[in-house]
Amino acid sequence: MADDVFKPKLGKIRSRGGKGGRKFLRRVIIKSRIVRLTGKGMQGARAHLRYIQRDGVTREGLPGALYNADQDRADGKEFLERADGDRHQFRFIVSAEDGAEYADLKPVTRRLMRQMEIDLGTTLDWVAVDHFNTGHPHTHILMRGKDDQGRDLVIARNYMARGMRERAAEIVSLDLGPRTDLEIENRLRREIDQDRLTSIDRNLLRQIGEDRIVSAADRDAFRQSLRAGRLQKLRRLGLAEEIAPGHWRLEAGLETTLSRMGERDDIIKTLHREMKRREIVRSPADFVIDARSELDQQPVVGRVVTRGLSDELNDRHYLIVDGVDGKTRYVEIGKGEATEPVPEDSIVQISSRNIQPRKVDRTVAEVAQENEGQYSIDLHLEHDPTATEEYARTHVRRLEAMRRLTQGVEREPDGTWIIASDHLDRAVEYERERGKASPVMIRQLSHLSLEQQLETDGATWLDRELVGSDSLSVRDAGFGREVRDAQARRRQWLVAQGLARQEQDRTVYRSDLIDRLQKRELARVARQFSKELGLTYVEAGSGERVEGTLRRSVELASGKYALIEKSREFTLVPWRAVLERQLGKQVSGIMRDGNTISWAIGRQRGGPSVS
């Protein structure tokens, strides 16, 4: 790398006993990550900054307060504006084992960052947020990848891995005093019975032979008692076997198994904590710790209890979903920027990502097969004269995405794509790679809570379930019981509104129930927008063309709608994902039966497009 690499020279560790005294330093864990800001990096940085300032991270349950070297209230927007154009950003999580002893972590963080400036020989531009919402208080630090001369800041790997940790340990040890022998011994004793990977296990694994046999003996009596006690615990877990007095064979995969056990324990604690916070009572027997195998079989529908970070440094997120089947699930959903925000209490459907080739992939392969392995927009339009240029461009965007992620396709300077004969296999590989960032698909069924749906005038998720021919199987337990109760109350409301009637032991709904509810809500919302905009609302009928400027999206009980403005009037039509990049632009489409719309965006060749 052409950039200068800062290789700070660390001073002596200021603790008793010289080098051996390092064991008396207070333990501090620092996780470090370098994030590239090119491409969607800044978008991810904005999302990460918002998320670490979310509600509930302070001792009082309030949003996190962003601070820097000089201010207790820093401006995150200004920090990101300064970082615009930076090649990379540093992210750190600093967690002192005795962090709970501090009433305020800001002074510790500022002293650490000042020491880093001395070590690196440059001032640093950073912001931080303290979190107290877990068992171990910790600090998130975001630091620009530029030095005070505007050059790219590249830090030596050993300083990132060791130097920062030792500097932080020095500071905490000066504040709280070095650890005593008794403190160290008590911590190690607690490790003996833990169902997770411990420092004792790591020590055993370092001394293991090819035959996976290790001895419990140690010249130090205390260490020997630790090893013997831990080996007995591993035996009870089925991970170790005593083959001779004092000699043990450790199971293959012991490290992985213990790590997973620790993760499982952390997930259970998270489930208990979040359900208690939301005051939702559930039996631990109904907790599902790993929902991946279930999602492979069928989607899960339920209420979002919360969204959180499973790996704060790498921005990996989870959802806790209270299912209609009475189960409460912890679901890993991948990178934060890869999934749209979903509010608490919204109703969602979660399914595994399908890695099979899409229709767009098959079309590209068909066009290429007819054209000696080549694909282009012109070749596509010759292959399918009914297609539009904009529709063909969606195939080009797919190929661009595949090229960026997997290098599976090539593009010629004239815009022609070289498509391999195994293109569909490469599409599968592309989806598999995408799955690492976003392993599940999240579909929001309703942004409204059950309570909000009970008496709203729109077509709610409850209504669609009541009249649907393939309604969900709802268990009379947990959230499923709440759904059943809500359905009963919604039925009563519909009867009172004249939209349903009771016949003996069953409810008969109007055949046009959903349509009537949608029109009610649209009429009410249209009146509100008409007053706000000073424009006349015009309802778009089936077969009519809708033209105008896309002003905004509107979340209604009946679904998401687009507000299209034209001259002195406006209309509301169903939203489609294709509109995401068209805000403020001219759009055109035709209303179809079934309350759908076909959009024609961009210059057309060959007829209307269908989104």
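Predicted model: local features only at pLDDT ≥ 70, side-chain atom pairs only at ≥ 80, totals over all residues.
## The big picture

Let's start with the overall build. The chain holds 17 helices and 26 strands, and its C-alpha trace spans about 85 × 70 × 55 Å along the principal axes. There are 611 residues, and buried ones make up 47% of them.

## Charges, counted up

How many positive and negative side chains does the chain have? The count is 108 positive and 100 negative. The centres of these two sets lie 2 Å apart.

## Two patches on the surface

One patch of positive charge on the surface brings together Lys40, Arg404, Arg581 and Lys585. To find Arg581, look in the loop between β24 (569-574) and β25 (586-592). Arg581 has a relative accessible area of 66%, so it counts as exposed.

The negative patch is made by Asp75, Glu78, Glu81 and Asp84. Glu78 sits in helix α2, which covers residues 76-83. Is Glu78 exposed or only partly exposed? Its relative accessibility is 43%, so Glu78 counts as partly exposed.

## Salt bridges worth a look

Here is a pair of sequence neighbourhood partners to begin with: Asp104 forms a salt bridge with Lys106, with the closest N and O atoms 3.7 Å apart. Asp104 is partly exposed at 35% relative accessible area, while Lys106 counts as buried at 17%.

Next up is Asp266, which forms a salt bridge with Arg196; the closest N and O atoms here are 2.9 Å apart. This pair links distant parts of the chain, 70 residues apart: Asp266 is in helix α8 (residues 254-277), and Arg196 is in the loop between α5 (181-191) and α6 (199-206). Both ends are partly exposed, with a relative accessible area of 36% for Asp266 and 23% for Arg196.

## A buried pair and a network

Which residue forms a salt bridge with Arg490? The partner is Asp463, and their closest N and O atoms are 2.8 Å apart. Here too distant parts of the chain are linked: Arg490 belongs to helix α16 and Asp463 to helix α15 (residues 461-467), 27 residues apart. Are these two buried or exposed? Arg490 has a relative accessible area of 0%, so it is buried, and Asp463 is buried as well, also with a value of 0%.

Some salt bridges share partners. In this way Arg273, Glu274, Arg277, Arg278, Glu344 and Asp345 are joined into one network.

## Arg489 in helix α16

Helix α16 runs over residues 478-496, and Arg489 has its place there. With 46% relative accessibility, Arg489 counts as partly exposed.

Which residues does Arg489 touch, leaving aside its neighbours within four places in sequence? They are Glu451 and Leu454. As for Glu455, it is 34 residues from Arg489 in sequence, and the two are 8.8 Å apart in space, C-alpha to C-alpha.

Most residues other than glycine have a negative phi.

Glu279 is not a glycine, yet it has a positive phi of about 55°. You'll find Glu279 in the loop between α8 and β10 (287-288). Glu279 counts as exposed because its relative accessibility is 71%, over the 50% cut-off.

Ser567 is another non-glycine residue with a positive phi, this time about 50°. Ser567 lies in the loop between β23 (559-566) and β24. At 65% relative accessibility, Ser567 also counts as exposed.

Technical notes. Residues numbered from 1 in each chain as written. Heavy atoms only, no water. Helix = DSSP H or I, 4+ residues; strand = E, 2+ residues; numbered from the N terminus. Buried < 20%, exposed > 50% of the residue type's maximum accessible area, 1.4 Å probe, protein only. Lys, Arg positive; Asp, Glu negative; His and termini not counted. Charge placed at Lys NZ, Arg CZ, Asp CG, Glu CD. Patch = residues over 30% accessible without salt bridge, like charges linked within 9 Å, V, L, I, M, F, W, Y side chains within 5 Å. Areas by Shrake-Rupley, 256 points an atom, 1.4 Å probe, with all protein chains shown as cover. Salt bridge = Lys/Arg side-chain N within 4 Å of Asp/Glu carboxyl O. Contact = heavy atoms within 4.5 Å.
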